[in-house]
Structure formats: C-alpha cells, structure tokens
Protein chains: 2
Amino acid sequence: MPVLVMKFGGTSVATLDRIKRAAKRVGLEVAKGYDVIVIVSAMSGETNKLVGFVNETSPLYDAREYDAVVSSGENVTAGLMALTLQEMDIPARSWQGWQVPVQTTSAHSSARIEAIPTDNISAKFNEGMKVAVVAGFQGISPEGRITTLGRGGSDTTAVAFAAAFEAERCDIYTDVDGVYTTDPRISSKARKLEKISFEEMLELASLGAKVLQTRSVELAMRYKVKLRVLSSFEEPSEEAGTLVCAEEEVMENRPVSGIAYSRDEAKMTLVDVADKPGIAAAIFGPLSEAGVNVDMIIQNVAEQGLTDMTFSCPTDQVLRAQKALNDAKGRGDINFQELIADTDVCKISAVGIGMRSQSGVAAKMFKTLSEEGINIKVIATSEIKISVLIDRKYMELAVQALHDAFELEKL
Amino acid sequence: MPVLVMKFGGTSVATLDRIKRAAKRVGLEVAKGYDVIVIVSAMSGETNKLVGFVNETSPLYDAREYDAVVSSGENVTAGLMALTLQEMDIPARSWQGWQVPVQTTSAHSSARIEAIPTDNISAKFNEGMKVAVVAGFQGISPEGRITTLGRGGSDTTAVAFAAAFEAERCDIYTDVDGVYTTDPRISSKARKLEKISFEEMLELASLGAKVLQTRSVELAMRYKVKLRVLSSFEEPSEEAGTLVCAEEEVMENRPVSGIAYSRDEAKMTLVDVADKPGIAAAIFGPLSEAGVNVDMIIQNVAEQGLTDMTFSCPTDQVLRAQKALNDAKGRGDINFQELIADTDVCKISAVGIGMRSQSGVAAKMFKTLSEEGINIKVIATSEIKISVLIDRKYMELAVQALHDAFELEKL
C-alpha cells in the first residue's frame, strides 16, 4: 500500500471535536487506499503551559528534564487520535517516540532525528492496521532518555517519517491555508502562494514565518519529500494549500517571494572587546556550547585595540548567553567592558530565489525603510535573503512598506 | 546508604509551590543521609481531565490507548520535581515507568507490577545522585506498551519500589494526616488512628477509603514494608500520620476499627436466570474477561427452575458489564429475562480485626441501620468486615449511626 503522512498541528487537535474532524480527513485518505501515518502535536496551549512550568521551576533548566516534561502533551493527543479512529472502525494505534523508536542525538530540547526504523510500524500495517498515530516532536537519545526536537518539531517528525517510509506525500495540516507572501495579520495585502521552492521556504521558516520548522524543510529538500501545507479547517480539495517543491517546479519569477519577521530576536552587544586573533572563537565557542543559536554577527571597526561585537539570538536564550559569556570572562577566555542585551528589536527579512539573478534588491529594501524613517541596526544577507534588525515598534510598518515596494500582492 | 521511599499524591504536587514544598521535605531526608526514591502522582485534576477525554472520545475504549493517554500526567510531575530538587542543589533525575523499567502484566488500566530491576537507579545512586524521581501509576507491558496500575496506583508503585530497594520506610504523603475511623467530612467525630494493621487497612482500602490503593497494602503486607500515611501540609515530625503495620504492633483492641463507604458501586440484577449447574461460571466468566470487578454476589432462592442473580461492581464498569452479559446471552451461554442496573446505591462497611474474637458485630450493625429505617439490599461479610448495600440517600446517616454505635470516637 502507498503510505501517506499527515501531520496535525496544535490548533488542529485543540479539542476533542477538532481531533474528530482531523480523524475524518484521515478516514478520507484511508478510503483512497493509503496506509496513513498521522503525526500529532500537543493540543494547542498544552506545550506552552508545560514550558511555562519548567521555566518557572528552573530558569536555567536541565534540558533532559525539560524534554521529559514538555513531550507529554503529544502523547495525550496520539492516544486520543487512535481512540477516535478506532471509534470510526479504522484499525489504529498510537506510538510514542521511544516506542518506534525515533532515534535522535542527545542534544536535548533541540535534538536531531538520526534514524527511524520502519519494521515495527510496517509489521502492523501488514497485519491490517490502517493508521499509525505517532506523537510528534519527540524521540529517544542513545542514553535512553526522552528528547524533543525544538519548537515546531512535529513538522520535522512528519517529514522524517515521510522520508523513512517513502511516503507519496507529506501533508502538514495547520491553522493557515498555506504559505503567504507575508503574515496576513500584519498586511491585508498578503497573498497565498500556490507553490514555493524548498530554498525560499527554508529561509522563511528560519526567519520566523511560523508555518514550518526549518529543519523539516531541510529534510524535505534533502529527501525530496513532496510537502504540502494546508488548513484543517477548509474543505478537502486537491488544490488546497501551498506545495513546497523543487525550484524548477515553481513558475513565478520575481526577486522577492515573501517578507518575514521575527519578534523573538534579541540584540546583544559586547562593548570594548580586545581586537585580537581568536577573539571570535573565544566568544562564539562558549555560546555554541551553551546551546545559544547565534544568528547575525557584526563587528565594529577597532579603535585602540578595542572593538564592539554585536550578535543576535532568540530572546529566550538571552539568560543563557549572558551566563555563558560571563563565565568565559571569569575564566579569562575573553575580556569585555559590558554586555548589553536589547530585546526591544525585531528582524525583518526579504526572501526570494529571484535575488540570485536580479540586482538592486538590497538597495530597494534599505531605501524603502529609510523613506519610512526606520533606522537599520544590523544587516545580514545570504544568496536569497536580506535581513535587518530594527526597533520593534516599526515592525508592522516595515513589513507593510516592503510588501508594497516589492509588489507582492500581484500575481 | 539506606533508601527511603516518599510518595506524593496529586494534591501534594498540585501546583509548582506545592512541588517546592514537597521537595523541601525530600531535602530533609537527604540531609539525614538517605538515598531517596520519590514517587509522584499527576498534579491533581490532571488524571481526571485525561480520563474525561478518553471517556468522551470512546466510552468502550481500547485500554492500551487509555493507558498511553492517562499516564502522561505523572511524567510532567516527575520532571518538574527533578528540576525543583536540582534548583535546591540536590542531584536528582526523573524516570518514567518504561525507563526503570517497571515491568507489569499486560492487563491494561489495571496492570500488576511483576518486577522492578534496581540496577539502573542504584548505579546512579552510586554515582552520587541523591534522589530518583519516578513517575508513579505506570509501567511497561511485555509487549512494550505503556500500562497503568489503576486508580491510586502510585501508592502501589511506591510500595513496590520500597520492597525492591529494601527501603527503610515508605512514606505516603497525601492531603489527609492519617487514617481515620471514618471520613471526617461525613462524621465530625472521626478520629485519627496512630496505627492500623495491614489487614484492616486492606479492607478499608478495598471498601472505598481513598487513603491507599488496595494493591499497595497487599504488597506492603507481603514484603513487610513499613508504610506511613501522612499529610504533606503538616509540620514534619516523627509521630505524624498513621503507621500501617503488622497486627501484633497495633495495641488497640476493639471489634470495629473503622467505617468505610463507597458511592461508586452499582447493583446489577439478572432477572429469571435458569438455575442450573455452571450458571455462575457462565455469568461471571464473561464479566471477568471483560475486566469487570465484581464485588458482592447474591443468588435468590430458585422458583420453578428460575432465579435472580445480583452482584455489585464499580459504577464506571456498568456499561462494560452490560455489554459482556448481553454478548454472552447472544451466544447462548446464558439466558435471562432482564438486566437491571441500579446505580443509586452505596456500600457501607464496618472493619476490624477484633471481629475475629468478638461476636455480635453483624447483629449490632443490622440493628443500628434498622433503627434508622435503612433497608439493606445486599450483605457480604469476610473474617474482619461486614458490608451492606443501601440506598445512596442514606449514606451519611448510616456512616454516622454506625460510628456512634461502635463508639469509634473514643480511644
């Protein structure tokens, strides 16, 4: 039987009624002859509640315990989904990550999937089971402890299962009906894309577009998994949602495909760092060891052997970054005058594979922001994106202005 | 190092503050030099919420999925407790049932613990860990699926760990400060017992006294585990709570030690059953296979080859019992006119090891109820208890009258 992977996010399984609605969609695919692997998130709000408990208990928590706590929400949904399917007379059972087992690295709270043995679930399919419901977002480390894959990790679970089982397609059911040129809550002119390339989706995902987890897009690109993002609240149809696919399949040709933003970015500045060889390693080594995801980095021109070093990281890692750098300072690895954390910033990014062949995109972006009186604090670019850090209060304005400037509302 | 087992029930870990308070008690025992195994329940309300989800989704649920869902609450508390202890600089980590592993039978939702290998946790104690926090109520079946031990199963987890690790004592922290002659919410004259014998506690537990799960007392009796029930809301002291111990250690000598009651009992009557050899097996075989816990059984005198058979079972198993008996009727195993379920009853029991040597206890109980105008529907007795089923509306009255009649308020 061909295998289909269907992933339901937190809002799609937020209540028992919604689980029932999701189960009906699964039933439609079973009726078409698929063996279905359903990946579920926790009921919406649950994971936030659990993360809140952990943070309140221990701000610099042991990530192994964090994972043990936070993974429990998915187990609940998996069991309830299996029961709902059974009530519809569809043979189904649930699997928790360690039961498959979803083998991951030991990098707790942001582990990577290393392998998904298929024998266990395939054997059940051969016995007549039609749906395997798997708790998303979680796995098991080589030490036998529960791991989680980071926020949005259920998307990655879904794509990894699609790759392992060579699924015909991986459908990601969420609360939006596809990928937009920007967040429709910020710009009413946002337009749904029919198709988007893996590369663009990857940038958008890593830049704060909440539709898919970065890692899931990476995996889909590597294993050529046909990935579809669609809403679980719309009527089923073959054309629903946005297809994430190879560049060649995308027809539109424009410099910018989307504008992304992220509120969860903090600007960290180390004042008066000694400007000498090896200093970057001395700073970013400890940050990396502490699990801080550094995004943008800039270094000012040195004066009298001293320089300022600025980087950005997720706001919820600021405490961790401060501890790592102050510890390194205490050990004498680095020296600096002051460490300033500015959490009142946001990141705005323009993304498009068209940038490769069209020049002037950066200039147009800077000019647009300048015309709105918005000061740019940090810039970072890649082959297909330009990101800037600006004051958070200008976020909506910047997104709307850029969406207009690049004429994204037009087909 | 000597090992101590401490179990905290749902109300003792209902909030992060309460978890902190419980952790402080654990800290006191660690300071005394114990290696501590902490068994935790789910935060109060959580398990009920999850059970509610399952029942709403699938009234005749697949018990394997029930267990997968319902066990998740304990995992959350275990991780949070470990984090809280770590914040107090006490080396601690959490274990979920399958990680220990707590090996159980495959009788989902009421599994029995078969073995608890100690090597895993002992090795960590040897490495300097001071507290192992274990999610109570759960284990793993030989098939590798999650099992639960039935309501109150965390008590059983605690006693089983105390037996496996040859713990010096097993302290059960709950929201009451010990075992009472009856429920203080029903009779203001209820008195706390300093000691109670395993046998009496066993009867009280199985009769609806919510203090300890029956199975936990059985285990404690078999493995001679010193079991103490105490409140996590009182100041720590050596004399706190009630000690459950061998009969010889209990000093008081009275016919009745306590009055228990249970609202969760239904009276099921099979009308006009053929009165022939093998009929009881034909009725109770299918019930047993369906996992119905039949408690009391009475059979009326037969007339013209027909008889009525009455039994009691927990109210939440009524659906299951009806299905099992109607199926058996359909297969022709048994025949009956009608199956009447009366859920408007309750069970009242008088318990005491003194009954063995003193006569007239049953007579006094029946007389007391009769004087209050309470009709007895079913009677069941054992060596140290007398139970009756009566109309539920008389429950409080019956408990108070019997507590007075046996003078339980007096030392």
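**Helix packing and the A–B contact**

Q: Which residues of α2(B) and α3(B) meet in this predicted model?
A: In this predicted model, T47(B), L50(B), V51(B), F53(B) and V54(B) of α2(B) meet Y66(B), V69(B) and V70(B) of α3(B).

Q: How do the residues of that contact divide into nonpolar, polar and charged?
A: Seven residues of the contact of α2(B) with α3(B) are nonpolar, one is polar and none is charged.

Q: At what angle do the axes of the two helices cross?
A: The axes of α2 (residues 46-57) and α3 (residues 63-70) of chain B cross at roughly 145° and come within 9 Å.

Q: Is that crossing right-handed or left-handed?
A: The crossing of α2(B) and α3(B) is right-handed.

Q: Turning to the two chains, what rotation superposes chain A on chain B?
A: A rotation of 180°, with a shift of 0.1 Å along its axis, superposes chain A on chain B with an RMSD of 0.1 Å. The two copies are therefore related as by a two-fold rotation axis.

Q: Which C-alpha of chain A is nearest the axis?
A: That of S72(A), which is 2.7 Å from the axis.

Q: How many residues are in contact between the chains?
A: In chain A, 27 residues are in contact with 27 residues of chain B.

Q: Which elements of chain A give two or more residues to that side?
A: These are α2 (46-57), α3 (63-70) and α4 (72-87) of chain A. The largest share, eleven residues, comes from α4(A).

Q: And what is the division by residue type on the side of chain A that touches chain B?
A: Twelve residues there are nonpolar, eleven are polar and four are charged.

Notes: Residues numbered from 1 in each chain as written. Chains lettered and ligands numbered in written order. Predicted model: local features only at pLDDT ≥ 70, side-chain atom pairs only at ≥ 80, totals over all residues. Least-squares fit on C-alpha atoms with pLDDT ≥ 70 in both. Contact = placed C-beta atoms within 7 Å. Helix = DSSP H or I, 4+ residues; strand = E, 2+ residues; numbered from the N terminus. Nonpolar A, V, L, I, M, F, W, Y, C, P; charged D, E, K, R; others polar. Axes fitted to C-alpha atoms, helices over the stretch in contact; angles between N-to-C directions. Left-handed = near helix turned anticlockwise from the far one by under 90°.
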